[in-house]
Amino acid sequence: MTDFLRRLFRTPQGLLGCLIVGLILLAVVAGSWVTPYGPNDMQALARYKAPSAAHWLGTDQYGRDILSRLLDGARSTVVMAVLATFIGTLGGAILGTGSAYLGGRADEFIMRTVDAVMAIPSLLLALLVVSLLGSNSANALLAIAIAFVPSMARISRSVALTVRKQDYVSAAVARGEGAAYIVLREMLPNVIAPIVVEMTIRVSFAVMLFATLSFLGLGAQPPASDWGLMVSEARQFLHRSYWILLWPSAAIALTAIGFNLLGDGLRDALNPRT
Amino acid sequence: MSISRRAFLRSSAAVAALSLALPEFAFAQTKAEAGGTLRVAVDQAISVIHPLLTRVNPEYLAVELLYSGLTRLGVNMQPEPDLATSWESNDDLTEWTFTLREGVKFHDGSPCTAADAVASFEAILNPEMASPARNNVGPIDKIEAVDDTTVRFTLSTPYADLPVALSYNNARIIPAAVISSDFQSLRSKAVGTGPFKLVSYEPDRLLVVERNPDFYDPERPYLDRIELHVFPDLGAQISSLISGDIDMVSTVAPNDFMRLEGQDGIDTLRAASGQFCNVNFGTDIAPFNDVRVRKALALTIDRDAMVDFMTEGFGTKGNDTPLNESYPFFKALPQREKNIEEAKKLLAEAGFPDGFTAELVASDRPAIRTQLAVALKEMAKEAGITINVNTMPHATYLDQVWTKGAFYVGFYNMQPTPDGILKLLFTSDAAWNETRWNNKTFDDLVAKARAVADPAERTELYTQAQQLMHDEVPSLIPAFFDVLGAKRSWVQDYQIHPRASVFRLDYAWLNTEAPTRKG
Amino acid sequence: MTSDNTPVLTIRDYSLAYRVPAGKIEVLKGIDLTVHRGEIVGLVGESGSGKSSLASAIMRYLPGNAEENAGEIRLGETDLRAQSQRAMADIRGRRISMVFQDPATSLNPTLRLGEQLAEVLIRHQGLSKDQAWREGEARLAHVGLKTPAEMMRRFPHEVSGGEKQRVVITTAFACNPELIIFDEPTTALDVITARQILDLFGALQAETGVASLYISHDLALLSQTARRVAVLEKGTIVEEGETAALFRAPAHPYTRALIDAVPHPEKPLVEAPVGTTAPPLVRIRDVSVHYGRKGLLDTLLRRDFQRVAGNRSITLDIQPGEVLGIVGESGSGKSTLAKAMTGLNAFEGLIEFDGRPLRGLSDMNRSYRRDVQIIFQHPDASLNPRQKISEILARPIKLYGNKDAGTTRDRIVAMLERVRLPASTIDRYPHQLSGGEKQRIAIARAFLSNPRLVICDEITSALDVSVQASVIELLMELHRETGATYVFITHDINLVRQIAHRIAVMYRGDLIEVAPASAIADPDRKPYTRELLAAVTPPASTQRAQPTLS
Amino acid sequence: MSASYILKRIALIFYTLVVVSLLVFAITQILPADAAVMMLGENATADALEALRQQMGLNDPIWLQYLHWAGGVLQGDFGTSLRTGQPVGPALFSALGTSLTLAAFALVFMLLLAIPMGIIAAVRRGKFADLSVSFISYIGVSLPEFVTATLAVVLVADWWKLLPPAGYVPLTQDFWGGLERLILPVIVVSVMMIAHVSRMVRSELVDVMHTDYIRAARLKGLTPRRVLFRHGLRNALLPTITIVALDVGYLLGGVIVVEEIFSIPGIGRSLMSAIQARDLPVIQAGVMIMATTYAVVNFIADVTYAWLDKRIQYD
């Protein structure tokens, strides 16, 4: 474990990614305790206030403290993105590895169908799913998870196929190991690493997809403090007080960069042969 | 009595006819110049151009350019002649006769006569055609052509506001031949008598009209061409106005209005209006069937703050009735103010000493609905009421919540008359009976008021009706919005209309500063 | 340019190290080496000895973290170390050229062979495109390619490995360089092709008199090719001398060990078969393996579908206790047969094991799995990188039971001792072990189930000569101890002649013949067998054959 | 590459379309909205609604409705928009034209920028240029389009007044004016692809430059130029074809946002307004058209790849 962390911190991406993601996770965990104001507390007399000692990042159109909203929103935004990615990845991994394991016609059928679904752009697929289920954060989460399944299935399948061809799996088959042992003990540990890397990078994509759904009015709904929704709502006040737009945008960008860097760092660190 | 009444009505028509010329007296220090292309930004797609079926403001604008009605609505909310030059009624306001212009031609060259007017109104009143105008043109029982230029309306109940009601956005005259052959064909072409003729139409992008040389007023319109550009993004239309790409923005959000104020070459336009956003109670569903609960919620609202939150100050406080200064026959009631103590007391009496939890539905368009919901959520908290805001797509809202729900946000244009808004929303027979309040006394007051011509008497009746609503609170109406718009300074004689769905661009013209654009 | 007594290549006291985060890795230490005109100098060493780094140093093609001492590298009179990269670009390909191990990877897959040959002529001889193309055709004709014009137009994937290497060699000779460095030019080729390439090299070398530095791990090959040999161990040349003399009387222990490790077919490592009367342990009857599956589209279009045959109707008996060698080129179906026998490939036909018939994978029950074990070529791939040795070795014990023999851990430690690995290995991960150690773990895993048949699929070909020798020794010892039957698949004919009782020869999916190891070189063997044996370089010894021009 | 490979790929397009059509039809069937209500509006009577339902076949079993619809689609009839009452096909195809113009410019712009960026980063690996490129690409993949678009409009159009902020003019009508309005949308929609593709090109090229054949080419004394451009790039750019084709899916998603902000009447806008208005026939047709575009682009890419990359034997 320490060996792994040492490898991770050795690359600039890994170190920086860990720092940023760590910071964000800190906000997720502790954010709601340290918020100076309630995220939804309106102050009719302190609307559109520029950053000051009282409101470090300023206030928004309802006089709500932006810092408090950002910290509060970290939980939903990041946890939702991670959860959506995780669910999508899990679904994709099960589908992909299952398909690779089944092989033959079943594999062909599953993967062709996955290819077919990939012909619908993932944003559009998410839009359709959300409009089907109704616009709210939980449905957006599900939509993004569903939108991620096809590509994750592709990736996991190709990883699983590579692992499947390895001699240690052949060795296990030759000595008569059961399917469960082969999949769980021989294949899975080797399949997980590249999938985790891909998943980490995808979290940033999920954060942005969430934001975009909110922008199109199909994601989180007011008065939620999701960053994407905050940006989306702030657009109309841009010329009056740009900071309402600035901070949540920066938070989204930082999160996306953080997870991207972490993913790249993990990719290097998880490779057991370097 | 009867004579004087008739005389009054005639004279009011005459006043209206006079007021038609008013804008020119008031603004036209320089004489209108003909020619030029006007580019207007609208914020929603122009999905429908069928004059009887339009539903949103950009569509009303398009139809207003292409078609005429019998009357049209002045900026002062008075009826003006359009295809009808004059009108009169019998004494008990049940039979109205309209005299039409002679020699008016449709865009296809065919003459427009009383028969077309009759066919048009029959189509409007035909439930099969599903025209939104059906509920808004008044209690018309029968319509007949007396001769080629005279139309007679027979009403089922007395109705003083008929000339105003006939100016309704969907009450347009279309050729009888089209109605009988292919009614739906007007979805893609335009055969009207309006000041402009249709050139091209792409619902999501652009609608272009050109001057109708055969328009009944040889002076108007002044513009050669009008282009309606669809901008789904509010920021983009403001940016385009600033860059001079667009000459006029039909509706502007308060923040954008503030941004535009003081910009060189841009005029901001503002008119006080009866436009409002409200919270409807399903008065037949617990806990909102208890008037104390409704009243308690009304008492939690800080109305000054609400005006700020919802309109950035471009609005006026509401008093939980749909009428305000912008409407005729209006008298103000004592203003309801925030009173948490009283609210808590009422709640306790109603059996909710610790408050209650309710889900408030707000559709996603326009965004102001959600803003009201979010602000109310915070304000109601003080009285111990927990509101969960549920935002849903407008289509889902219409399908599942609208006129059925217990607690949801509505949004309305100002109507031309008090009768218009009350009959639209709050009487038992309202077209959109959103609250199911169904108050007999209220219905009687409204019905009585429509049959009265005397302004003082009508004012008194509407004030009583208002008082009833104010006491029973079928709906929370915390604020009215001003109608906001903007234009380049080179656009002349465009006045923003409190009704927000009336534009009168046939009076507008461009001065010499306007850029020349390729037609 | 160089007088006869000036060496073409002079290396004096040259040292090289690589900087890494952990410090410095010394790869070459005080190298002294000369190559004269017309001379072939062999450079022998195992993996990691620094032989490829030396080639890179001569070519002045070193990574950014290389750190050199003041030593000298000269090409004739030219001080290569003083040359800029731009100047080196003029020298490379014109005065020194290089031939690499694998023609499949050293040719650009997306360029025509002709272009890859002609571009050198254009660059260094100033020929026009047309001239270069015509010259290229002539050169290809000279190296014995039958249709040079067509060959010029082909892409690498369209020609065989031998043809590719001919093109590479032609390119190296194209500008008549003073020095050519050969970096294991035949290792990636099949035996027969390798022999042809070696002959070609010999002929061209004799014709042009170019100075050659021939890098190889194959002592047998060098003993036949090179006039002088330098032995490189861990970056130091431990011994250098005339080839014959050096092989006769190696002075350095490392050289001695290397020479001893080379398999000698005349010195069998197994005793003669015990008794031939016993019924065969395995009877393989008409076993065929096919790859590929008829596609849906083919079915729909009623098209004929041609499957790829991995094995065609193999019939073979394996006697209990014997070591059966299987030889053949890559793609001959040796491994396919091994996979069929271990249930990794579906097969048609019948395999009888100890009298029990097996017609498919479903017939291979647990006791068959226990009795038949397979060991793979690459220990890197056959050991799960995320499992500790303890887990890897515990599996056969858990699977096949045998309670009376003590705890799992005790048995693993005992087995590790038998394969001569320290008991501490048990808590290691595979990547913490060397290649030879990993292969010992793989062997241990196979023998933990007390198998009756062990299939060794090229298990030594990824290992260095000395490691290979010790692994073979271990295998033979285990054979004596357990009496298990071996199927030993390899392309190393010298090795298999030394350890097998009988040898099966395979070619393109067919079993050509099976002969006793002692009689494999008999003149009445089938033509392919004879061809194969003729191509094998006899092990390093006193006899020295002159390369002949083909 | 053989005829049967192409045939197989074409069969795959059809399979894709069948799957997508089933999916989109299923989704639109369960969407919480009544097509008849959508068409007639909130003032329609129950009788009128029922008559319309009958007429539109909304009371038929779902599979029959699907077959009717699919049959229509095969004949080029995508039905009638509930919102405008106009045939869906012509309007959507003209919108598709607009979107494809935008997408084509975006692709070209992206390639013109991303490939040189990737090459420079690979060649100057670890140097300042490489770090700048990766910095740009990290930023590029971290901002949602609607933020980038907002920033672009504020900076370029509102503050510097260099370009018009929004709107669309067909290039056939006014080429330069139309182009001027396309610049910002094209930049915004390509940002993320530039980041992605330049990273791909970089890593592919770095891999290729470490292959034996590049070492061989260098050791033949070829000039660095020739090694890079003749030997390296060709092999590095080949896989990029497939990557770019897959990115088209992303591009088609991106146009939804960009068209919304820049008021471009493309297929993304049509789909977005259809989704908001529950205009089911338009949603169905729009998704089908997008999926077809994606499938066709990938088909072209695969065939091109197979044609260019002679190594791979396709059956």
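Predicted model: local features only at pLDDT ≥ 70, side-chain atom pairs only at ≥ 80, totals over all residues.
## Chain A

Taken along the principal axes, the C-alpha atoms of chain A occupy a box of roughly 75 × 45 × 25 Å. Chain A has 274 residues, of which 61% count as buried. When its contacts between residues at least 6 apart in sequence are considered, 70% of them join residues that are at least 24 apart.

## The two domains of chain C

Chain C is divided into domain 1, which covers 9-260, and domain 2, which is made up of 321-343 + 366-535. The C-alpha centres of these two domains of chain C are 34 Å apart, and across the boundary 10 residues of domain 1 are in contact with 10 residues of domain 2.

On the domain 1 side of this contact, helix H8 (191-208) and helix H11 (253-261) of chain C each supply at least two residues, with H8(C) giving the most, at 3 residues. Sorted by class, the side of domain 1 of chain C that touches domain 2 of chain C consists of 5 nonpolar, 2 polar and 3 charged residues.

## Where chain D meets chain C

In the interface between these chains, 20 residues of chain D are in contact with 26 residues of chain C. Three helices of chain D, namely H1 (3-30), H9 (212-219) and H10 (224-262), each supply at least two residues of the side that touches chain C, and the largest share of that side, 6 residues, comes from H9(D). The class composition of the side of chain D that touches chain C is 7 nonpolar, 6 polar and 7 charged residues.

## Helix H6 of chain D

Helix H6 of chain D runs over residues 128-140, and its 13 residues reach 18 Å from the first C-alpha to the last, close to the 18 Å expected at 1.5 Å a residue. Within H6(D), the residues D:Val133, D:Ser134, D:Ser137 and D:Tyr138 are buried. Seen down the axis of H6(D), its buried residues fall within an arc of 135 degrees, so they line one face of the helix. As a general point, an α-helix has 3.6 residues a turn, so residues three or four places apart point the same way.

The face of H6(D) turned away from its buried side carries D:Phe128 and D:Phe135, which are exposed. The cover over the buried residues of H6(D) includes elements of two chains: helix H10 (243-270) of chain A, together with helix H5 (88-123) and helix H8 (175-209) of chain D.

## Nonpolar cores

The largest nonpolar core has 484 residues, of which A:Ala126, A:Ile144, C:Leu179 and C:Val487 touch the most other members. The helix that gives the most to this core is H8(D), with 17 residues. In soluble globular proteins, nonpolar side chains tend to be buried together.

If neighbours within four places in sequence are left aside, C:Val487 is in contact with C:Ile318, C:Leu324, C:Ile326, C:Ala338, C:Leu453, C:Ile455 and C:Cys456.

Technical notes:
Residues numbered from 1 in each chain as written. Chains lettered and ligands numbered in written order. Contact = placed C-beta atoms within 7 Å. Helix = DSSP H or I, 4+ residues; strand = E, 2+ residues; numbered from the N terminus. Nonpolar A, V, L, I, M, F, W, Y, C, P; charged D, E, K, R; others polar. Domains from an automatic or database assignment. Expected span 1.5 Å × (residues − 1). Buried ≥ 20, exposed ≤ 12 C-beta atoms within 10 Å, placed from the backbone. Arc of directions from axis to C-beta. Core = buried A, V, L, I, M, F, W, Y, C linked by C-beta atoms within 7 Å.
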